[in-house]
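Q: Please go through this model and say how its labels follow from their cut-offs.
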Amino acid sequence: MKRSPIGGLLILGSMALAMIGPIATVILWAFAIKWRYPHLLPTEWGMKYWFAMLGRETVITPVLTSLALTSISTTAAAVICWPAAYAFARLKFPGRQVMLFSFIAAQAVPKFALYVSIAVVFLRLGLVGNFWGVVVVQMLSAVLFMIWIPTAAFRGIPPALEEAAFDLGASRLRVFVQITLPQALPALAASYVLAFVSILFEVDGALLIGAPTVTTMPLLLMSLSAQIIVQEAAVLCVLIWVPCFIVLLLTRRFMTAKGIAQGFGV
Amino acid sequence: MLDIDTITKTFAGAPAVREATFTVQRGELVCLLGPSGCGKSTLLRVISGLTDADSGQIRIEGADVTAMQANRRPTAMVFQSHALWSHMTVAQNVGFGLRVRGMPRAQIAAKIADVLDLVGLSSFGKRLPAELSGGQAQRVALARCLVVEPKILLMDEPFSALDAHLRKALREELKALQRRSGLTTIFVTHDQEEAMELADRIVVMQAGRVEQFGPPGRLYRQPQTLAVAQFIGVMNTCTTAIQDGMARWYGVDVRAAMPPGEAVVLCRPEDLYLDPNGAAATVTRVIDLGPVTKVNLITPEGDLLTWTCARDLAPVQGALVRLMARHLHVFRGGNLVGRIEQPDLVFQEGAMT
């Protein structure tokens, strides 16, 4: 007996609705001028709030700050963490498991408490209220994605692939660049996207280390939500969402379901 | 050509290879044969340089390469898992070793075409490894090694993941190719039929030790250790005591001009023949294998025997037969101490029925 596909379609449909619905609502709000009950769609459309928001320097500066902060700290985290992940995956050294576990343990500590203690140190170093101070703190929030996913990905690459290249005369560096990195690319791309998004939305560290001189988009969103105008918040949400979407598109080429699953050690 | 000189390798205290020593001639195909965990793959990796030996020396054409890294050694290895790089096409996989050597592009392309032609995959250059069958993938892996013209080709159970028919076909192809090119080859396998068919000489390994090194036929007919005798082919094993130049073999006395003491006496199933004065045994099963018939028997003492004979000689199940052996191999402490050819049967009272 053939099973009817209706049940599956229903589940798929409701999942899609649950995921896309809220995003669609936010996007609609960003372009709505008037939208009142019981209308299903806005009754008056326009870019009015966009011009209003983008016209304000207090909005533009955090947008640019956030983009710069996120790009720099994600990339720096990748440069530091990916080779470390390779070491975790391939080398055996004492305390390896303990160190790997400590990255998770650090996640279990309330972030805010952690940042307070970091802030004390940073205050002495003059990194509070400083752009680079925020870069460093936000890098920390990416460490989990940048270590665990790539470690699992590197571990998932059969050593024979690297050995075959080494055996044919390639140097260790060449093996890493031409064999290991391309093999791990889907998972590395996934870890980059996840880290990018988590840093872009990061609030605690930015607030404690950055305030009051460095303002990021999520901080702006928080401060605006006091004087709530739905459309303004929606415009900001879309503004934050766009860079994430772009990064996702850029890395989509390298991401396959298999590669990502491998990255998560599935 | 290749000297393996007292190579020892230990993993976390457990010896994997113990004082392996043998010499491979130029153009020879040598199989490392043994059960899994006997150290044959480890020894191959030591030859390739992917694993460092604890002690001993590897010489290629007289030059000591023991301290040389794998990427500097004139060897190339085909892995069991074929280990093709999935992000490169077949041509890119094959050309990798040449690009590493900095060969000009045009020359690389010509070499790739040649070697793909050699392994019968000339139209496959643009494919990805995922689009190949198991046999094709292993041929590409072979081509990838051949193209860099190694002095020694190393193969680590390259066909063991393939089905039986393909394995046989590839084995014959490899043998023909190896004969033509005269490439010195070391081939690791646990499959004795594969080793017997491919090898000029076989190194039999057991628990990290080289048990015997010789041509396939000699290993079968003249095993030097108990391990080789029991690993290659089938042997009927009889543990006995030698006394006054006599050994008791399945209830009959045979002349054994050897010092007294415990001994293990072995005979091949095909070396048994019907003899009215032989050892008595009851037929438990008759298996018609086609070319030969295999007969399983049990002696009154409960020892199991296997006899292979022509179909017209085969008894029926339940029959009582008397068997004698043409050759007996006698081992003591794991080593060969003598062979009894056409053993003289010592007539025993009541042996005739």
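Q: What makes F22(B) and I186(B) contacts of L2(B)?
A: Contact means heavy atoms within 4.5 Å. Leaving aside neighbours within four places in sequence, L2(B) is in contact with F22(B), T23(B), V24(B), I47(B), I58(B), R59(B), I60(B), I152(B) and I186(B). The model is predicted: local features need pLDDT of at least 70 and side-chain atom pairs 80 or more, while totals for chains, interfaces and linings use all residues. Residues are numbered from 1 along each chain as its sequence is written, chains are lettered from A and ligands numbered from 1 in the order written, and side-chain values use heavy atoms, without hydrogens and water.

Q: What makes the pair E163(A) and R45(B) a salt bridge?
A: The term requires a side-chain nitrogen of Lys or Arg within 4 Å of a carboxyl oxygen of Asp or Glu. The N to O distance for E163(A) and R45(B) is 2.7 Å, so the pair qualifies. The count between chain A and chain B is one salt bridge.

Q: How many residues does each chain give to the contact?
A: Chain A gives 17 residues and chain B 25.
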